Amino acid sequence: MTTLADPPVTPHAHPEKPPQRRARRSRAGRTNHAGKLTYAILTVAVLVSAFPFYWTVVAASRSNADLAQVPPSLLPGPHLLRNFEAVLEEADIGKALLNSFIVSGSITLGTVLCCTLAGFAFAKLRFRGRGALLAITVGTMMIPPQLGVIPLFMLIAELQWVNQLQAVILPGLVSAFGVFFMRQYLVQSLPDELIEAARVDGASTARIFWSIVVPVARPGMSVLGLLTFMAAWNDFFWPIVALSSSEPTVQVALRQLGGGYVHDQSVIMAGTLLGTLPVLLVFGFLGRQIVGGIMQGAVKG
């Protein structure tokens, strides 16, 4: 008697797993939205942060009598161009802006290049005394810069650089903070495998720096460049010592504004507005790189 064989037993697939996997994917790809309270706090923070700049615009477009009123007007006035003309008459602001661009741009380029080189060496190269040199470099950050003003002035006087822009540029071409900042950035962002692969391919250290390190370090270099430019642009103490009124920077030229028995605050604020606009332009130029670097770090984290 012929009997039919039992059908082969197939493993039973659990119907719960695919929905669970799809659920995990949906939760992982879900976009979180902030609540109304978060947006309210951010709005207040933006308004508070932007109000000083807005008040600078308002004060620069008003007269000194308008600013003395109680309460003062919070709307821009019609005297902005007249105050700009007063700034140009009382101080050589055009030459000051040019000098500040030369000084700040040179310091920024030198600091970014030298600090990136030094940061790469401390982060990825192996040489004798690396730890001690890094400790000495970081230790110089604890010394107040005012302590070095007298010997530094004696040095530039010996070199006959007084009242020349190189007296302000050269002392700021390298900063200990920049070296430490780029070293920490490259330790986190630059894998050792990339350098080892480049050395296997026969690349020199200089080629590795320009072809591998610089593209990886570009966001960090942008942040360091912005911080350095702002510090050099806003520096007042050393330029007032090394330069005279014939070769001023913006911060030195601004102290010549609003002279007289009663200071003209509207003219001072107009000069301040002229001195602030270049910093905003630099931030707008480097802002995309800075935000890209922050997002890149967030993704890696």
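The protein chain has 14 helices and 0 strands, where helices (H or I, at least four residues) and strands (E, at least two) are DSSP runs numbered from the N terminus. This is a predicted model, in which local features need pLDDT of at least 70 and side-chain atom pairs count only at pLDDT 80 or more, while totals for chains, interfaces and linings use all residues. Residues are numbered from 1 along each chain as its sequence is written, and side-chain values use heavy atoms, with hydrogens and water left out. Read from the N terminus on, the elements run α-α-α-α-α-α-α-α-α-α-α-α-α-α. Of the 301 residues of the chain, 32% count as buried, a term that stands for under 20% relative accessible area, with exposed meaning over 50% and partly exposed in between (1.4 Å probe, protein chains only).

In the contact of α5 with α11, the residues divide into 17 nonpolar, 9 polar and no charged, with Ala, Val, Leu, Ile, Met, Phe, Trp, Tyr, Cys and Pro counted as nonpolar, Asp, Glu, Lys and Arg as charged, and the others, Gly among them, as polar.

Helix α11 also meets α10 (residues 192-200), and here the axes come within 10 Å and cross at roughly 130°. The pair α10 and α11 is therefore oblique as well, and α10 passes α11 in a right-handed crossing.

In helix α5 lies Ala118, which is partly exposed, with a relative accessible area of 22%. The C-alpha atoms of Ala118 and Leu134, 16 residues apart along the chain, are separated by 9.6 Å.

The next subject is the space left between the elements. A pocket is found on a 1 Å grid over the protein atoms alone, as an open set of points with protein on both sides within 12 Å along at least five of seven lines, whereas a cavity is a set of points where a 1.4 Å probe fits but cannot get out; lining residues have an atom within 4 Å of a point. About 1,100 Å³ of space lies in the largest pocket, and of the 36 residues that line this pocket, the closest to its centre are Pro145, Pro171, Gly172, Val174 and Ser175. Helices α5, α7 (149-158), α9 (176-189), α11, α12 (237-242) and α13 (250-254) each supply at least two residues of the lining of the largest pocket, and that lining divides into 23 nonpolar, 12 polar and 1 charged.

The second largest pocket holds about 210 Å³ of space, where a volume is the space filled by probe spheres set on grid points joined across faces, edges and corners. Its lining includes Leu226, Met230, Trp233 and Phe283. The elements that give two or more residues to this lining are α11, α13 and α14 (265-300), and α14 gives the most, with 6 residues. By class, the lining of the second largest pocket has 7 nonpolar, 5 polar and no charged residues.

Some backbone features fall in the loops. The peptide bond from Val70 to Pro71 is cis, with omega near -5°, and Pro71 is placed in the loop between α3 (64-67) and α4 (80-90). In the loop between α7 and α8 (166-169) is Gln160, which has a positive phi of about 60° although it is not a glycine, and which is exposed, with a relative accessible area of 63%. Asn163 is found in the loop between α7 and α8 and has a positive phi near 65°, but Asn163 is partly exposed, with a relative accessible area of 26%.

Key: Axes fitted to C-alpha atoms, helices over the stretch in contact; angles between N-to-C directions. Parallel < 35°, antiparallel > 145°, perpendicular 65-115°, else oblique. Left-handed = near helix turned anticlockwise from the far one by under 90°.
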